[in-house]
Structures are given as structure tokens and as C-alpha cells.
Amino acid sequence: MKRPYVFGTLFLFCWAVELTLGNLPKAPELGNGNLSCIDVIWDTICQVSCKEGFVPEKPHAKSYKYSKSTGTWTTLPEGGEFPWAPCVKRKSN
């Protein structure tokens with residue numbers, strides 16, 4: 001009887017975690033916002049959102065990357081502003 005060939009499988013494990021700013025060195029104060037992050041092998045990728053009734057003072061980057069190896073933050077895509085802008089009260093019309 002012929003044995004079937006079994007292909008190797010590569011598993012990449014990522015997990016989503018809600019981090020407090022205290023867990024990420026050099027993370028600026030967010031104020032009225034939330035930081036949602038995904039921890040990957042060498043980096044932590046975060047997205048910033050404002051709480052209900054608040055908006056970013058300036059547009060936020062799509063994502064922010066914290067490099068565990070260098071201890072620095074960058075924006076994704078690169079070239080955006082860091083630190084992220086604070087969330088301010090939405091102006092009523």
C-alpha cells in the first residue's frame with residue numbers, strides 16, 4: 001500500500017491583546033482614546049481610536065508599529081506623524 005505524502009504546514013501565531021499604555025515603553029498618553037494592539041514576533045502593531053464623542057485632533061496613521069528590537073515607534077505606512085494626536089471633544093454644529 002502506498003503511503004500518502006504529507007506536506008509540512010507552517011503555522012504563524014499572532015494574538016490580539018488589549019494593552020495599556022504602561023505595557024508599551026515610550027507610548028504617549030492617549031487621553032480619550034483606545035489603543036488596540038496585535039503582538040507579533042518582533043513588533044507590536046497598534047491602532048488608535050477615539051472614544052465616543054471624541055475625534056482625533058489631527059488624523060491618525062492607519063497603524064503604529066513598536067519595534068521591540070530598537071525600542072522605537074513608526075507609522076504604517078511610514079512617513080506619518082508620531083506621536084499620535086490626542087482625542088479631543090467633538091465640536092457640536
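Gly 33 stands opposite Cys 50 in strand E3, where strands (E, at least two residues) and helices (H or I, at least four residues) are DSSP runs numbered from the N terminus. The model is a predicted one, in which local features need pLDDT of at least 70 and side-chain atom pairs count only at pLDDT 80 or more, whereas totals for chains, interfaces and linings use all residues. Residues are numbered from 1 along each chain as its sequence is written, and side-chain values use heavy atoms, with hydrogens and water left out.

The protein has zero helices and seven strands, and along the sequence these give the pattern β-β-β-β-β-β-β. Of its 93 residues, 27% count as buried, a term that stands for under 20% relative accessible area, with exposed meaning over 50% and partly exposed the range in between (1.4 Å probe, protein chains only). The accessible surface, computed by the Shrake-Rupley method with a 1.4 Å probe, comes to about 7,300 Å², and 58% of this belongs to carbon and sulfur atoms. If a contact is taken as heavy atoms within 4.5 Å, then among contacts between residues at least 6 apart in sequence, 43% join residues at least 24 apart.

Strand E2 (residues 33–39) and strand E3 (residues 43–50) run antiparallel and are joined by seven bridges, where two strands count as paired if DSSP finds at least two bridges between them. In E2, Gly 33, Leu 35, Cys 37 and Asp 39 make up the covered face, while Asn 34, Ser 36 and Ile 38 make up the uncovered one.

Cys 37, on the covered face of E2, is also part of one of the two disulfides in the structure, a disulfide being a pair of cysteine sulfur atoms within 2.5 Å. Its partner is Cys 46, with an S to S distance of 2.1 Å, and both cysteines are buried. Because the torsion about the S-S bond of Cys 37 and Cys 46 is about 105 degrees, this disulfide is right-handed. The other disulfide joins Cys 50 to Cys 87, also with S to S at 2.1 Å, and this link is left-handed, with -80 degrees about the S-S bond. The pair connects distant parts of the chain, since Cys 50 lies in strand E3 and Cys 87 in strand E7 (residues 87–89), 37 residues apart. Cys 87 is buried, at 6% relative accessible area. With the bonded cysteines numbered in sequence order, the pairing reads 1-2, 3-4.

The structure also holds six aromatic pairs, meaning rings of Phe, Tyr and Trp (its six-membered ring) with centres within 6.5 Å, classed as stacked with planes under 30 degrees apart, edge-to-face over 60 and tilted for the rest. Trp 73 and Phe 82 are stacked, because their ring centres are 5.5 Å apart and their planes at 15 degrees. Phe 82 also pairs with Trp 84, here edge-to-face, at 5.5 Å centre to centre and 90 degrees between the planes. Trp 73 is buried at 10% relative accessible area and Trp 84 at 4%, whereas Phe 82 is partly exposed at 31%.
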